Amino acid sequence: MNVRAQTVAAIGAFPWRSYVKLCKPKVVSLVVFTALVAMLLATPPGDLPWTLLLAGTIGITLAGFSAAAFNHVADREIDAAMGRTKARPLPTGDVSRSAATIFAALLGGVSLALLWFAVNPLTAVLTLFTLIGYAVIYTRYLKWIGPQNIVLGGASGAAPALLGWTAVTGQVGWEAIALFLIIFVWTPPHFWPLAIARREEYAAAKVPMMPVTNGVAYTKRQTLYYAIALLPVSLLPVLVGMSGPVYLVGATLLSGSFILRAWRLLHVDSDQQAMKLFGFSITYLTALFALMLADHYLPLGSLPTVLG
């Protein structure tokens, strides 16, 4: 066999698809989208620092991939016990624990170095705290603390939007806090419907998700409460002067739809309805940040600022 044939055979035998799965690209794509929107919001229209935007996007993406891979390592036993995750690379043995750990560490190291030298030290340090918060504090401890685990761990998922803002501005302002709070409050009503639909699997894996510890009815009520709280929180970008009338109208309609769907879930005993709300929650956050971006570039003026 010649060298070229050996190389092709080696590439074909390498489980690259499994390493891609370790990165959870679908999940990370939403995280990166919020970070990219935050970077664009922090930049005056027509004055885009392309090098900084590219470095920030790549750095935050690699950090997201690293966090996802570390999560695979930490949750390998849980994944093996749950139907929807038992085909992941570690439970199937396609990737070893040590290989996944090294892969996650390399991604994290490259991410932090890129953010430190090509973006700014503040973003790199905050990214490090986010990685530790998700891969260690949440996955190892908070996930097992009780039914409020998703609320307590929500900060890690909300951090990328804040990181996007600091990547451009080099500081944490009210705008960054507003973006952070939107995702933080969105996380529980986003995840709890999925937990309702998969409650038997979480129970089998002994993970104390709210539907397992407090029941489905209680979880549905909490989902509705958080959906209601999301309405005023979603309007924070208007209060801090970051967004204007286009976003105000769109965010109000989207949040109202979220509340109605959560209300419907409360009165319908159906796992299918829970999954519909879970799917809508992803659409909701994507549309909300897209509205911020549209409002940023549309010359329709702004509304009075409360915080500045």
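**View 1. Helices α9 and α10 form a right-handed crossing.** The term right-handed applies when the near helix is turned clockwise from the far one by less than a right angle. The model is predicted: local features need pLDDT of at least 70 and side-chain atom pairs pLDDT 80 or more, while totals for chains, interfaces and linings use all residues. Residues are numbered from 1 along each chain as its sequence is written, and side-chain values use heavy atoms, with hydrogens and water left out. The axes of α9 (residues 149–169) and α10 (residues 174–197) come within 7 Å and cross at roughly 140°. That angle makes α9 oblique to α10 (under 35 degrees is roughly parallel, over 145 roughly antiparallel, 65 to 115 roughly perpendicular, and the rest oblique). Axes are lines fitted to C-alpha atoms, for helices over the stretch in contact, with angles from 0 to 180 degrees between N-to-C directions. Helices are DSSP runs of H or I with at least four residues, numbered from the N terminus.

View 2. The contact residues divide into 16 nonpolar, 3 polar and 1 charged.

**View 3. Helix α3 (residues 25–41) has several buried residues.** Buried means under 20% relative accessible area, exposed over 50%, and partly exposed in between, with a 1.4 Å probe and protein chains only. Val 28, Leu 30, Val 32 and Met 39 are among the buried residues of α3. Their cover includes α4 (50–74), α9, α10 and α16 (271–297). The 17 residues of α3 should span 24 Å at 1.5 Å a residue, and the end C-alpha atoms are 24 Å apart, which agrees. The expected span is 1.5 Å times one less than the number of residues.

**View 4. Lys 24 and Lys 206 each have a positive phi.** Lys 24, in the loop between α2 (16–22) and α3, has phi near 45°. At 17% relative accessibility, Lys 24 counts as buried. Lys 206 lies in the loop between α11 (199–204) and α12 (210–213), and its phi is near 60°. At 68% relative accessibility, Lys 206 counts as exposed.

**View 5. Lys 143 is a buried loop residue.** Lys 143 sits between α8 (121–141) and α9, with a relative accessible area of 8%. Leaving aside residues up to four places away in sequence, Lys 143 touches Asn 71, Asp 75, Ile 78, Tyr 138, Asn 149, Val 207 and Pro 208.

Methods:
Helix = DSSP H or I, 4+ residues; strand = E, 2+ residues; numbered from the N terminus. Nonpolar A, V, L, I, M, F, W, Y, C, P; charged D, E, K, R; others polar. Contact = heavy atoms within 4.5 Å.
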